[in-house]
Amino acid sequence: MTTLRLGIIGHPVAHSLSPVFQGAALRALGVDATYDAWDTPPNALAERVESLRASDVLGANVTIPHKQAVVPLLDELDPLAVRIGAVNTVVNEQGRLTGYNTDGAGFVRALRDDAHFDPRGRSILLLGAGGAARGIAFALLEAGVVRLEIANRTAERADALSTELRSHYAAASVQGAPYPPADLSFDCIVNTTSVGMHGGGAEEASPCDLRNAKTGALAVDIVYAPAETPFLRAAAARGLSVLGGLPMLIFQGVLAFELWTGRAAPVGAMFDAARAALAERGSH
Ligand code: ATR
């Protein structure tokens, strides 16, 4: 039996945690496959994607800066990936490549499994309107959120995204909001901006003042390094429930793993491997 191959296509991609926890998942289930970091500059993307058609390749993850550029290189797209216009998972079936987007669904799964928060019927405030916010917004509306507001530094981006979302999900109330937001009466507030991220340029800042947040609301930051961002620290101090970015990262990988292998992913082993690698990195 040949060893099968998986990997993550990005640039740069050396610091990605995916090889760590996907490798752990493969080992935990005894799947004879490797998962590597496939650093791919933009001018080599087409060739890299072609290489995924080989019979020993199960598929790949796709990350920054290729999530949109990969779309026209694939044979088929999952309907949600079509809406989002971005792909983070490619599955190879006998040389035919299908693109999926598990980022948003991974986020929703993290909300449900880790924070015990079911988005159906709830109200959500999204901070940021970039690529990450986009995938999350679509998945939240798919999951039945009834009120979604998007607050972004550049208001035009929030308005454009809101208009697009409304055209697909007429039953929900979706609109742009001022940044920083004044109304915080939401069941859940999600930070997708790079404010508070290591290397994001505003590490000590929080993207909104949580003093007026609803009692019992959930605050989520999609940043996983540091584990506790200033936003989450402020939320915890205010007595809110909090969820960091690691579960979203793991669950997008869980859903990808299940698409590639058809087997239930070993979620615990994936978390353990990711946490150990983060602790190791933090100790340097
Ligand atoms: P990603 O794909 O990770 O979402 P992105 O598309 O570059 O990355 O989006 C980054 C988000 O963080 C954007 O919403 C950005 O706001 P703008 O649209 O106004 O650029 C937001 N962001 C980045 N730095 C910020 C800062 N210092 N203050 C507020 N928002 C910031």
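Where is Pro180 found? Pro180 lies in the loop between strand E9 (173-177) and strand E10 (188-191); strands here are DSSP runs of E with at least two residues, helices are runs of H or I with at least four residues, and both are numbered from the N terminus. The structure is a predicted model, in which local features need pLDDT of at least 70, side-chain atom pairs count only at pLDDT 80 or more, and totals for chains, interfaces and linings use all residues. Residues are numbered from 1 along each chain as its sequence is written, and side-chain values use heavy atoms, with hydrogens and water left out.

Let's stay with Pro180 for a moment. The peptide bond between Tyr179 and Pro180 is cis, with omega at about -5°. Now turn to Pro12, in the loop between strand E1 (4-10) and helix H1 (18-29). His11 and Pro12 are likewise joined by a cis peptide bond, and its omega is about -5°.

Gln94 sits in the loop between strand E5 (89-93) and strand E6 (96-100). Its phi is near 50°, a positive value in a residue other than glycine. Gln94 counts as exposed because its relative accessibility is 85%; exposed means over 50% relative accessible area, buried under 20%, and partly exposed in between, using a 1.4 Å probe and protein chains only.

His116 can be found in the loop between helix H4 (103-115) and strand E7 (123-127). Here phi is near 55°, again positive in a residue other than glycine. With a relative accessibility of 68%, His116 counts as exposed.
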